[in-house]
Amino acid sequence: MRDPLTNCSYNQVYKSLKEFSQNGENFCKQVTSILQQRANLEFNYAKGLQKQAIKLNKALQNTKKNCVASAWAWVSEGMKSAADLHQKLGKAIELEAVKPTHQVLSVHEKKRKSLDNEVEKTANLFISNWNQQIKAKKKLMESTKKHEALFHLIESSKQTMTDREKQKLLNKLKKSTEKLTKEDENYYQKNMAGCSTRLKWENTLENCYQNILELEKERIKLLCNNLNQYTQHISVFGQTLTTCHTHIHGAISKIDVEKDIQALMEETAVSSTENKSEFLLTDYFEEDPNNAMNKERQKSSIKAKLLRLQRDIEKASSDREGLGRMLKAYSNNSFSDPESQKSTAALMEETILKLDLMQANAYKLSSVLAELEQRPQPSHPCSNSIFKRKEKQQTHSYVRISRPFLMKRSETTVRRTSSGGQSNPSSSCAALVIIT
């Protein structure tokens, strides 16, 4: 079976940012390693220079004091001073750049692992629901097929059976009907739960995306701070290092932290604001044109399912209107709680999604009913958004819904509920896009 996560825009953008972050982390580790080696070189050079200064000082003790010896004494003192400078530089690089960077990278690694675990956990929930829908559908199809076979047996054997045999089969048919109703409800509830698991996974991806962006900003600032510390310590070497340092200082003086952060945001920018989410639609035995089910029973069963959908659609529409009024009240009140507004907007998003899914299911069932009743096919904006795909021995119906992309680079995100939730359910279904 295909992986339902493969073509998700949220998942692709999150993986792209993770790859970008990994490259940044590798660069930071390489720079830290180089700085540590530089510090080691400074320590070794200081140690060697100190030894030479001591040797020269001992040699001067056995030498007659004169101008030449005094000059060489100053050379010895110069070596000691230079050794001290190199020792201090190595220590400064180690304490102010290498160790803090190691600490930050360690914290970042733990944070990223925690974020990845959250994403994996919610992704597994979504995949589990997806597979449960497939299993529940298969079970319902088999039970419906057996139920219809039993029904036809009773109908065809009415004249030849005794009352006792007939009553025995009727009792069996009753139990089969109860089992079928239970499995049908279980399949329907799992299909509805698909919305919640999908949204939970996408919201986790969005939150983790923002957290990784913050880690990248922190890393850029850390590298800039290391450069500033590095240039300050190099500057104390004086005139002998000025020429070498000019090129470094020129490059460092041009550093702009905000510009680097802006470059990060542009490089990790979402290229499209369209997010197409794929959902399984319900497929029933009654919809198969080649089944052996009695046409009247077939129509009656479909009507019952349509009636259930209509009740849920009316309830969801009512909920949507209520949430829309709440969002409008929030937008008009400058003292409203941001968290409450955010949770209400998320609930509105889920409600609209469920409306889209239920309307697509209702349209598909209505089309089958119209064909059975030899009526013209109904029209609906989502008619071109429903497609079928055959996997192994089953054919599954899908609907792909276009939604605003919620991963953001700024503090605010425009959701399709930002207008106060006053959207038309049919217009949201019109945003569905078909792929084959």
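**Aromatic rings and cysteines**

Phe 126, Trp 130, Trp 201, Phe 387 and Tyr 398 are joined into a cluster by ring pairs. Rings of Phe, Tyr and Trp (its six-membered ring) pair if their centres lie within 6.5 Å; planes under 30 degrees apart are stacked, over 60 edge-to-face, and the rest tilted. The model is predicted: local features need pLDDT of at least 70, side-chain atom pairs count only at pLDDT 80 or more, and totals for chains, interfaces and linings use all residues. Residues are numbered from 1 along each chain as its sequence is written, and side-chain values use heavy atoms, with hydrogens and water left out.

The count of aromatic pairs is five. Trp 130 and Tyr 398 have ring centres 6.2 Å apart and planes at 35 degrees, so this pair is tilted. Trp 130 belongs to helix H2 (residues 67–156) and Tyr 398 to strand E3 (residues 394–404), 268 residues apart. Helices (H or I, at least four residues) and strands (E, at least two) are DSSP runs, numbered from the N terminus.

Tyr 398 also pairs with Phe 387, and this pair is stacked, at 5.5 Å centre to centre and 10 degrees between the planes. Phe 387 lies in strand E2 (residues 386–391) and Tyr 398 in strand E3, so the pair ties together parts 11 residues apart in sequence.

Buried means under 20% relative accessible area, exposed over 50%, partly exposed in between (1.4 Å probe, protein chains only). Tyr 398 is buried at 0%. Phe 387 is buried at 6%.

What is the count of disulfides? It is zero. A disulfide here is a pair of cysteine sulfur atoms within 2.5 Å. Cys 28 is buried, at 0% relative accessible area. Cys 195 is buried too, at 1%.
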